[in-house]
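Hi,

Here is the structure I promised to pass on to you. Please have it open while you read my notes below.

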Amino acid sequence: MTAPAPTGIHDLDARILDQLRLDGRIGRNELSAKLGVSRPTVAKRLNALLESGHTHVVGIVHPATVGLEALAHVSISVEQPVRQVAARVATLPEVPYVSLISGRYPLIAEIRTHAATDLAAVLDRLRSIDGVRDTNTLYYSDLMIDAGQPQKVAAAGLDALDMRLLAQLQEDGRASYAVLAAAAGTTAGTARMRVMRLIDEGIVRISALSTPGQGDAEVAVGFGVRASGRVSGLSPLIAELPGVRFLAATIGRFDLLGTIYAPRLDEVVAALDRLRALRPVLEVDNWVHLDLMKEHYGAPMR
């Protein structure tokens with residue numbers, strides 16, 4: 001049996017992950033300086049995190065930037081062991097996110113497609129998966145905070161080289177400029193200039209994705225909100241709550257859908273209390289993410 005890592009190591013891993021979420025391409029020297037830890041120690045822990053299989057640094061592009069306009073959250077009830085059903089759902093290429101959760105529905109998935117007709121077709125395929133008993137769908141009317149928080153831009157402003165570089169960054173956000181250049185068919189200098197522009201303009205965010213409970217000992221809690229009146233004034237207030245890293249306006253049983261991340265459940269409880277206290281909020285439902293089965297936001301670059 002492997003002995004648990006010392007508390008200090010868990011704390012350092014969490015601090016490294018915090019920096020990687022802000023800037024996934026941060027260098028080891030800068031990381032060492034920001035954290036006040038020696039470069040060899042930072043390099044050792046960074047390598048361990050990236051090799052663990054639980055942390056990935058990737059480029060994340062807003063789905064609308066690459067033409068993915070029809071997005072939905074699907075709650076799924078099952079009639080077979082949930083992990084088996086989740087593994088089948090995760091094979092769908094249009095499904096970037098699959099998580100086991102607490103509550104009435106033991107499984108949730110997200111679908112991202114180009115058009116509503118495509119979304120309906122994927123939902124049909126999902127419902128046909130062996131072990132899926134029932135589904136409940138929330139359609140995203142507006143994606144306000146996505147993983148990594150990239151900006152929504154017009155794809156027309158991106159050329160073929162931009163698209164090739166984005167495709168590579170989606171697979172490895174820390175790839176060297178030499179590797180990116182070779183894959184995109186350009187020079188390292190040009191690759192560096194283009195990537196820096198894409199990052200500076202917020203078109204791509206290089207960020208760490210990590211499994212809750214791994215490395216940083218985070219917990220993730222999803223929430224759905226029913227509100228009175230217009231939700232346009234409520235969403236900015238929710239976006240300011242500590243730990244909110246995902247937020248969407250939805251059509252269905254909830255008006256807003258989000259996820260809060262925190263080191264401890266009591267911090268989530270405090271955030272949910274603040275959410276319930278907001279005047280337009282009528283009802284808040286929530287669920288704990290127990291095991292993240294898939295999180296891969298790579299989209300085909302046309």
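In α8, Ala 191, Arg 194, Val 195 and Leu 198 are the buried residues (buried means under 20% relative accessible area, exposed over 50% and partly exposed in between, with a 1.4 Å probe and protein chains only). They sit on the same side of α8, because the arc they cover around the axis is only 100° (the arc is taken over the directions from the helix axis to the C-beta atoms). The other side of α8 has Gly 189, Met 193 and Asp 200 exposed.

Before going on, a word on the source: this is a predicted model, in which local features need pLDDT of at least 70 and side-chain atom pairs count only at pLDDT 80 or more, while totals for chains, interfaces and linings use all residues. Residues are numbered from 1 along each chain as its sequence is written, and side-chain values use heavy atoms, with hydrogens and water left out.

Helices (H or I, at least four residues) and strands (E, at least two) are DSSP runs, numbered from the N terminus. What do the buried residues of α8 pack against? Their partners are α6 (160-171), α7 and β6 (204-210), where contact means heavy atoms within 4.5 Å.

The length of α8 agrees with expectation: its 13 residues should span 18 Å at 1.5 Å a residue, and its end C-alpha atoms are 18 Å apart (the expected span is 1.5 Å times one less than the number of residues). After α8 comes Gly 202, with a positive phi near 75°.

α7 and α8 pack at an angle of about 100°, and their axes are 8 Å apart. Axes here are lines fitted to C-alpha atoms, for helices over the stretch in contact, and angles run from 0 to 180 degrees between N-to-C directions. The two helices, α7 and α8, are therefore roughly perpendicular (65 to 115 degrees; under 35 is roughly parallel, over 145 roughly antiparallel and the rest oblique). From α7, Tyr 177, Ala 178, Leu 180 and Ala 181 meet Ala 188, Ala 191, Arg 192, Val 195 and Met 196 of α8. By class, this contact has 8 nonpolar, no polar and 1 charged residues.

Gly 185, in the loop between α7 (177-184) and α8 (188-200), is exposed at 63% relative accessible area.

Elsewhere, Ile 111 lies in strand β4 (residues 107-113) and is buried, at 0% relative accessibility. Residues that Ile 111 touches include Ala 70, Val 95 and Leu 123.

Best wishes

Conventions: Nonpolar A, V, L, I, M, F, W, Y, C, P; charged D, E, K, R; others polar. Lists of a residue's contacts leave out its neighbours within four places in sequence.
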